[in-house]
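Visitor: Hi, I'm new to reading protein structures. Could you walk me through this one?

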Amino acid sequence: MPELLIELFSEEIPARMQQQAGETLLRLLNEALAPLAPQAAQAFTGPRRIAASLSLNAIVPGRTVSERGPREGAPEKALEGFTRKHGVTPDAMTLQNGFWVLERDEPAIEARTHLLATLPDLLRRFPWPKSMRWGTGSSFTWVRPLRRIVCLLDGQAIPVTLAQGEDNGHHLTADAVTEGHRFMAPGPVTITSTAQWAEALRERFVMVDAAERRTVISTTLAELAASEGLSIVPDAGLVDEVAGLVEWPVPFLGRIDDHFMDLPAEVMQVSMRVNQRYFALRNSDGTAAPRFAFVANITPTDGGAMVVAGNERVLRARFADARHFWDLDRKQTLESRLTALDNITFHAKLGTQGERTRRMVRLAGLIADMLGAPKAECERAALLSKTDLPTGMVGEFPELQGVMGGYYARHDGEAESVAQAISEQYQPRGPGDTVPTAPVAVVTGLADRFDMLTAFFAAGEKPSGSGDPFGLRRAALGIIRLIRENTLRLDLVKVFTLAAEALPENLQNAEDLALLPQFIAERLRVQLRAEGARYDCLAAISVGNTDTDIVRLLSRAQALQEMLETEDGKNLLAATRRAANILRIEDKKDGPHEKAPDATLYAQPEERDLATTLDRVEPAVEAAFAEERFTDAMRDAATLRAPLDRFFEEVTVNAPEAALRFNRLHLLARLGRMMRLIADFSQIEG
């Protein structure tokens, strides 16, 4: 199959847009070239180019196309309009199944012709997040000025042009010429195939594969650090970004001046990452090392001495700024900054950060009472939790919210539990982040998130679709992880109710606030699905269940899952579904059949055996649930399997005698009521 190579060479593309651009290019090519059956598609992205290589057929096969026209007997003008549209006479039409049909033979089309026809439109509608115009004479836009287009089909250039009518398309016409590294190998190079393109660019100091650049960066940085007994602070996001900034990655190590090493490690790391895209290093004991790593885009002729010296000089200036904020902020206590929170708007409908802080203090005290945590310390941590927001360091680096508050609290002489709670209040920030375990930190984190969810729902700012501008889904997942990983026994409805009581009366919307427990339940199902757990078991035990104790719900769901994984559990599920199906059908005829069964009407021992087992199991299950012995409850329920199997094997539910039929349906209804104590088995998948 012929090979197609397309390269779009431009000025520097923002790193964050490159991967998506490569995926989009492949998608659009697969759609536009579908008649040519594209295969083995591969994307390449980098700072100055996105490219794609794929195999496709040499021609679009010819075919016969049938297009149905007006119905037989339709007005003559309808037929005239149809034939005029397709440029044929009525003689070309045939009658098929009461309709006039036009059959046309479409000839085969060469791949070259198809490419010339489809690629200009594909490029003109390419969806960059942000595009720009340049030059004159064309409305064509690109993320940055587009300089060259390579379009090779089986080694031959396809002269795809962006010109359309009076629009000159910036005079861009595809050929077989690209360019190497901007500084180390500038100038054009002729291309003949994808393999030769990649090799020719490598010879000109360009790695076309982003994955290779990422590997080179990670590997060489780790080797450089290990050579000095150090390690790189893991930062996959920064590796991805740097791989999108350089075409020829050349890592180096620089030195941090000793007089900056008393700065908090987080300050140094964030300053290096945000301002300069530098990597932080640490010693074998985990402490910050007086070294940093960076990746150059050239191979210096002097071994890198000048490049390293220049980056060290830049970093000294950055750390001098951080030092200024660090020293200035510590001249004022966190408590003295409380009044400043009244001048920071939290949300137009919800007031200031000061008002929010007062709500959090109240809620932290209430949650502390529920969990047995030290109330005074929890309230103190909540009171000071947002006071680092007005500091210079957080103003410069918002990523350090909470972290700096913890440092400043220790400097002010606050209790260690309070300082720790302030620094950990936003944890977990994401799926891979650790969860606080210290009681004061846990309570502070819960108070923050419960207040946030309650306030924003009350203000009508619920997430919709994929939109979640205030991070409420993340806050809900934070609550779930804090509760699950610390095994906390909290009634969510009660906490949400207490949080809502502190809101202004005009925001205490019962309808919106009633959605909060379900919102948490949905996030819990999402988390279980991500973990590979059976979220259908959680759904089954949640139907008709007003319990919002996450630990208890998950314990019940786990016990149900374990039962369903046994042979007895699988058969009991099948039998329960069979009983439910029978009742559903018969209830439509003359139901419902909810009366208690009459023991004197049992005509077969299997009926009596099932009823006797229910008499024993039902109270045992109720007692086990009351004592939260969920595994025992499921084990007791599983003993129904054998008598239920015998019942369906030997007993005809729809007996010809009406009294027997009704009584047996009443017995199945009793079984259904008992099983609903455990779960709604219709929610179980499979």
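This is a predicted model: local features need pLDDT of at least 70, side-chain atom pairs count only at pLDDT 80 or more; totals for chains, interfaces and linings use all residues.

Visitor: Okay, let's start with strands. How enclosed is β1 by the rest of the structure?

Guide: Strand β1 covers residues 3-10, and seven of its eight residues are buried, so the strand is largely enclosed by the rest of the structure.

Visitor: Which way do β1 and β3 run, and how many bridges join them?

Guide: They run antiparallel, and seven bridges join them. If you want a spot to look at, find E7, which stands opposite A51 in β3.

Visitor: And how does β1 pair with β9?

Guide: Those two pair in the antiparallel sense over seven bridges, with β9 made up of residues 146-153. Here you can look for I6, whose bridge partner in β9 is C151.

Visitor: What actually holds paired strands together, in general?

Guide: Strands of a sheet pair through backbone hydrogen bonds, and the pairing can be parallel or antiparallel.

Visitor: Got it. What's the strand order in the open sheet of three strands?

Guide: The order is β5-β7-β6, and the pairing is antiparallel. The edge strands are β5 (63-71) and β6 (93-96), each of which pairs on one side only. From one strand to the next, the twist averages 40°.

Visitor: How many bridges are there between β5 and β7?

Guide: Seven bridges, in the antiparallel sense, and β7 takes in residues 99-106.

Visitor: Where is P61 found?

Guide: P61 is in the loop between β4 (59-60) and β5. Leaving aside residues up to four places away in sequence, P61 touches P35 and A108. Also check I109: it is 48 residues from P61 along the chain, yet their C-alpha atoms are separated by 6.7 Å.

Visitor: Changing topic: how many salt bridges does the structure hold?

Guide: There are 49. Let's pick out a few.

Visitor: Are R49 and E247 buried or exposed?

Guide: R49 is buried, with a relative accessible area of 3%. E247 is buried as well, at 4%. Buried means under 20% here.

Visitor: What about R316, which side chain does it meet?

Guide: R316 meets D257 in a salt bridge, at 3.9 Å from N to O. R316 belongs to helix α8 (residues 305-329) and D257 to the loop between β14 and α7 (265-276), so this pair ties together parts 59 residues apart in sequence. R316 counts as partly exposed at 33% relative accessibility, and D257 is partly exposed too, with a relative accessible area of 23%.

Visitor: And R673?

Guide: The side chain of R673 meets that of E594 in a salt bridge, 2.7 Å from N to O. R673 is in helix α25 (residues 658-678) and E594 is in the loop between α21 (567-590) and α22 (605-626), so parts 79 residues apart in sequence get tied together. R673 is partly exposed at 28% relative accessibility, and E594 is partly exposed with a relative accessible area of 42%.

Visitor: Which residues are linked in a network of salt bridges?

Guide: Look for R356, R359, K386, D448 and D451, which are linked in one such network.

Visitor: Last topic, helices. How far does α5 reach?

Guide: Helix α5 (residues 210-226) has 17 residues and reaches 24 Å from its first C-alpha to its last, close to the 24 Å expected at 1.5 Å a residue.

Visitor: Which of its residues are buried?

Guide: In α5, the buried ones are A210, R213, I217, L221 and A225. Seen down the axis of α5, the buried residues fall within an arc of 85°, so they line one face of the helix.

Visitor: What exposed residues are on the face turned away from the buried side?

Guide: That face of α5 carries E223 and A226, both exposed.

Key
Residues are numbered from 1 along each chain as its sequence is written. Side-chain values use heavy atoms; hydrogens and water are left out. Two strands pair if DSSP finds at least two bridges between them. Helices (H or I, at least four residues) and strands (E, at least two) are DSSP runs, numbered from the N terminus. Axes are lines fitted to C-alpha atoms, for helices over the stretch in contact, and angles run from 0 to 180 degrees between N-to-C directions. Contact means heavy atoms within 4.5 Å. A salt bridge is a side-chain nitrogen of Lys or Arg within 4 Å of a carboxyl oxygen of Asp or Glu. Buried means under 20% relative accessible area, exposed over 50%, partly exposed in between (1.4 Å probe, protein chains only). The expected span of a helix is 1.5 Å times one less than its number of residues. The arc is that of the directions from the helix axis to the C-beta atoms.
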